[in-house]
Amino acid sequence: MKNIADHLFDILENSAKAGASEVQVKISFNKKKFFCQIIDSGPGIEIADVIDPFVTTRKTRRVGLGLPLLKKTAEDTLGYLKIIRLNKKGGTSLEFLINMFHIDAKPFGDLARVFMDVLIAWPQMNLKLIIPNNSIDNVILDSEKIKEELNLEAIYSSQIQNFIYETVKKELIEKGIDDHFSIEPKRKNS
Amino acid sequence: MKNLEELKKIRDRVRKDLELRTGKHPIKIVVCLGTCGIAAGARETMNTFVDLIAENNRSDIIVTTSGCAGFCEQEPMIQVYVEDKEPVVYGKVDLQAAEEIFEKHILNGEIVEKYLFSKGK
């Protein structure tokens, strides 16, 4: 994976493939630590196994690399990856932390684009993006709300696409998340 | 979610285009989005197609996704389904390849041998 955006998209693909009808992504960025929590309503996974690359349920190939790769990306920066099964019925919470100041950190990539891409790739899955501000959960994007207003196919309209993209992008930049490492001091507008 | 009002305004502006899109889609482009595909850049490939569809104003084409097909070394892979024609699978579809396939295959119906992986079911 080239960047954190790719990792995030890959994790969301897991939720989509597991048939989750809803997935909630929570992002925060404090003291150059990027924290991301993903909660989905999928059937849940066997926690002990998932980080082992040789455990997979698919039949097309015998290795599953998504989670091991993310674990490596996080731990390379002295961060972590944690997966919790929420209850017996299903639902999984996955969280990871990446220290962006660490020399081995990967760049963010275009995170805002990831959320657009999820809407295009898996329109059946409801996606909610939350960026907490002073411990208040700010809902930045809620595909269920969007669907109330328009058919999700509208996302093929570049105007709709730009609007959603810019909405998310603005919030990320406000939190100090850029496409790179977000470690440069804030520049004054020049 | 803030900004929903603004979204409604844009929706009303592009309403005509949207109505066109809710019909059938005789042409379908399937992008494989397994871990292997994503690592190989399939997201860019998918975005290229979505942008090209918007640019060319083609409401009859839709992009959907699938998982890993088991030929990870060929990623990013796509399948092209055109109504009444055999499905075509392409491998190593990067940005340039996507543009070429869109122009030649999707718009003009000629298969691009250079990136061809397999034909038929």
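I take helices (H or I, at least four residues) and strands (E, at least two) as DSSP runs, numbered from the N terminus. The model is predicted, so I note that local features need pLDDT of at least 70 and side-chain atom pairs count only at pLDDT 80 or more, while totals for chains, interfaces and linings use all residues. Residues are numbered from 1 along each chain as its sequence is written, chains are lettered from A and ligands numbered from 1 in the order in which they are written, and side-chain values use heavy atoms, with hydrogens and water left out.

**Loops of chain B**

I began with Asp84(B), which lies in the loop between E3 and strand E4 (88–90) of chain B. Its phi is near 70°, a positive value in a residue other than glycine. Asp84(B) counts as exposed at 79% relative accessibility, where exposed means over 50% relative accessible area, buried under 20%, and partly exposed in between (1.4 Å probe, protein chains only). I then looked up Pro76(B), in the loop between strand E2 (61–66) and strand E3 (78–82) of chain B, and found that a cis peptide bond with omega of about -5° joins Glu75(B) to Pro76(B).

**Chain A as a whole**

I find 6 helices and 6 strands in chain A, and along the sequence they follow the pattern α-β-β-α-α-β-β-α-β-β-α-α. Of the 190 residues in chain A, 51% are buried. Taking contact to mean heavy atoms within 4.5 Å, I note that residues 24 or more positions apart account for 64% of the chain A contacts with a separation of 6 or more.

In the loop between E5 and E6 of chain A I came to Ser135(A), which has a positive phi of about 60° although it is not a glycine. Ser135(A) is exposed, with a relative accessible area of 74%.

**Helix H1 of chain A**

Two packed helices are described by the angle between their axes and the distance between the axes. For helix H1 (residues 4–17) and helix H3 (residues 66–75) of chain A, the axes come within 10 Å and cross at roughly 145°; axes are lines fitted to C-alpha atoms, for helices over the stretch in contact, and angles run from 0 to 180 degrees between N-to-C directions. His7(A), Asp10(A), Ile11(A) and Asn14(A) are the H1(A) residues that meet H3(A), where their partners are Gly66(A), Leu67(A), Leu69(A), Leu70(A) and Thr73(A).

Also in helix H1 of chain A is Asp6(A), buried with a relative accessible area of 8%. Leaving aside residues up to four places away in sequence, I see Asp6(A) touch Met1(A), Ile38(B) and Arg43(B). Asp6(A) and Gly109(A) are 103 residues apart in sequence, yet 7.7 Å apart in space, C-alpha to C-alpha.

**Helix H6 of chain A**

How far apart are the end C-alpha atoms of helix H6 (residues 158–174) of chain A? I find 24 Å, which agrees with the 24 Å that its 17 residues should span at 1.5 Å a residue, the expected span being 1.5 Å times one less than the number of residues. The buried residues of H6(A) pack against elements of both chains, including strand E6 (136–142) of chain A and helix H1 (4–13) of chain B.

Within helix H6 of chain A I picked out Thr167(A), which counts as buried at 11% relative accessibility. Thr167(A) touches Ile140(A) and Asn3(B), not counting residues up to four places away in sequence. Just after H6(A), Gly176(A) takes a positive phi of about 85°.
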